[in-house]
Structure formats: C-alpha cells, structure tokens
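Let's take a walk through a protein, one stop at a time. Keep the sequence and the 3D view open as you read.

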Amino acid sequence: MRATDDILNAVMSDHFCDLRALLAIDVRRAFLIVAALPLLLAGSSGCIGVSAKSAGPAVPGAVSAVKKCRAVRAADDGAIDDLEDGDNQITKTTGRDGYWWSAADPKGSKIEMTVAEGGAGGSEMAMHMTGMTVPGKPEDDFWGVQLGINFVSEGMFYDATKYAGVAFKAKVGKADSARAVRFKIADLNTHKDAGICTACWNHFGKDLALTPDWKEYKVTFSGAEQEPGWGDPRPLAITPSKLIALNWQVGPGQSYDIWIDDVTFLDCE
C-alpha cells in the first residue's frame, strides 16, 4: 500500500481529476495510468465535476471581445449626434464629447461639411457633405475624402464594449451624386496615432450604396470587416474597448452630395 500511495501523491495536482479511486488498483496498473495522463490532458479541456478555468481577458482584436446579437436596436444611451443643436460637436453623454471633422487627399480632392436644414424623418438638421474627388489610385495617395467623428476631445480611445455597433441615416442629395460610401470605425489597431499599425487606415467597416431617400444603415462590430489585401496588422476583429473615430469615405474620381443624420450606438434587442 505504501508504494501505491507514493505513486498517487506524485500524480495528484490541482489540474487533475480526483484519483482517489486508484487506491483499489494494483501498482502495475497505476503506472499505466500515470503514463497515459499527458495524452489524456492534451486531448481534454477538463474533467467531469471540475470547473473550467477562465481564458482570461480578451486581447485587442479578439473575436471574444465583440458583443454579438441576434437582433439590434438603438442603445438607450447610445445617441452620438442627431445634429439638432446645429453645431459640430457630438452629443455630450456617457463620456463622449468629440467633434465632426473632414479630410481630403493631398491630390486636390475637395470637401465641404455643414450642418444644414432638412434632417431625416422630418427633423430640422443634418450633416451635409459636398465636393469632388480627383481620379487616381489609392496606393498613390488618391484616396478621396472623409467625413468623420471623434468620440472624445481629450485623449484618444473610447470604450464601447457595452454596444453592438453603430447606426445612422443617410441619403444622396442629388441624382448625379456618388452613391458608394465606405463607412469605417477606427480603433487602436488601424489608426496611425495609436502607434500600432505599420500599414494604417484600413479600418473595420462596410461598403454601402446610398439612395435618394433617407435610409437607416446598421453596421455591427461583429459584421464589420477590413478591406481585403492590405493593412498591417489584420486582427480577427475590431476592438470596441478602444475605438477612436467613425468616418464616411468617398473614393477617387467622383462628385458627391451626401447627407448624414441620427448617428447612434446599437445594442441587442
């Protein structure tokens, strides 16, 4: 019995199942079980009756960090901006106090943004972006124009882990306006100022086709993707805990007249 006890003491640990039943097994059989334990552990995540240990916090870009829903709705505290106050600062709530901004490529593309009358659903105001973009290849710095929102005015990151995505209403204002828009969500892995990316600006997002009528567009964090073929890094998912900005991009070689309104975070229904 002493030899049997010594063997059992050598193999019992916090990571193994209870081996007390082996006390009734002879020494030779105990040796066979000890030899087989590494193979059993390699193919099994736990034992019956033993609680599985936590995998730890989700790392940036991990799919497990993204909130997923079967259906989504506007979050109760999710209003980013409905533009009704007529200024270019977003709604100040839940730690958000950033501003609208615009940017154009260095090749001569133009953008004008104004808060103007004629919002969605009969509301008074909306954001209006107009202009033209110069034809050329994006890899040669002909990337067009962007209308954007920063979440915070001080610091860089905004924690949006409790939300599931972003919704907004949009339309084109003229029949000959460009309708293809890429909606993008910048985070720590894709924005140059975060200091991580070496091939930056390939934010997670979605390609959209706008219409002359107001329409609501919903982009979930779990459904947003980077554009294929470029960008470094290319994480598995967006990182909602460290968002930086939203933006709407019009590509090169187009004229555009686009309206945006009622930007909000989404939550699960």
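Let's start with a single residue. Asp-141 counts as partly exposed because its relative accessibility is 37%, where buried means under 20% relative accessible area, exposed means over 50%, and partly exposed is in between (1.4 Å probe, protein chains only). You'll find Asp-141 in the loop between β4 (125-132) and β5. Its phi is near 80 degrees, a positive value in a residue that isn't glycine.

A quick word on where this comes from: this is a predicted model, in which local features need pLDDT of at least 70, side-chain atom pairs count only at pLDDT 80 or more, and totals for chains, interfaces and linings use all residues. Residues are numbered from 1 along each chain as its sequence is written, and side-chain values use heavy atoms, with hydrogens and water left out.

Most residues other than glycine have a negative phi, and most peptide bonds are trans. Is Leu-83 buried or exposed? Leu-83 counts as buried, because its relative accessible area is 0%.

There is also a cis peptide bond, which joins Asp-232 and Pro-233, with omega at about 15 degrees. Pro-233 is in the loop between β9 (215-220) and β10.

## The overall layout

How many helices and strands does the protein have? There are two helices and eleven strands. Here helices (H or I, at least four residues) and strands (E, at least two) are DSSP runs, numbered from the N terminus. Reading from the N terminus, the order is α-α-β-β-β-β-β-β-β-β-β-β-β.

Of the 269 residues in the protein, 40% are buried. Now look at contacts, meaning heavy atoms within 4.5 Å. Among those between residues at least 6 apart in sequence, 74% join residues at least 24 apart.

## A five-stranded sheet

Five strands make an open sheet in the order β2-β5-β10-β7-β8, with antiparallel pairing. Two strands pair if DSSP finds at least two bridges between them. At the edges are β2 (100-104) and β8 (204-209), each pairing on one side only. On average, neighbouring strands of this sheet are turned by 20 degrees against each other, direction ignored; the axes are lines fitted to C-alpha atoms, for helices over the stretch in contact, and angles run from 0 to 180 degrees between N-to-C directions.

Zoom in on one pair: β7 and β8 run antiparallel and are joined by six bridges. Lys-184 stands opposite Gly-205 in β8. Over in β10 you'll find Asn-247, which counts as buried because its relative accessibility is 2%. Leaving aside neighbours within four places in sequence, Asn-247 is in contact with residues including Trp-101, Gln-146, Lys-184 and His-203.

## The largest pocket

How much space lies in the largest pocket? About 670 Å³. On a 1 Å grid over the protein atoms alone, a pocket is an open set of points with protein on both sides within 12 Å along at least five of seven lines, and lining residues have an atom within 4 Å of a point. Grid points are joined across faces, edges and corners, and a volume is the space filled by probe spheres set on the points.

The lining has 27 residues, and the closest to the pocket's centre are Trp-143, Gln-146, Lys-184, Trp-201 and Gln-249. Strands β5 (145-150), β7 (180-187) and β10 (243-250) each supply at least two lining residues, and β7 gives the largest share, with five. The lining divides into twelve nonpolar, eight polar and seven charged residues. In this count Ala, Val, Leu, Ile, Met, Phe, Trp, Tyr, Cys and Pro are nonpolar, Asp, Glu, Lys and Arg are charged, and the others, Gly among them, are polar.

Tyr-163 lies in the loop between β5 and β6 (165-172) and counts as buried because its relative accessibility is 1%. Its C-alpha is 9.8 Å from that of Val-72, 91 residues away along the chain.

Cys-268 sits in strand β11 (residues 255-268). Between Cys-268 and Lys-68 there are 7.7 Å, C-alpha to C-alpha, though they are 200 residues apart in sequence. Not counting residues up to four places away in sequence, Cys-268 touches Lys-67, Lys-68, Cys-69, Ala-71, Val-72 and Arg-73.

Technical notes
1 Å grid on protein atoms, 1.4 Å probe; cavity = no way out; pocket = protein on both sides within 12 Å on 5 of 7 lines; lining within 4 Å.
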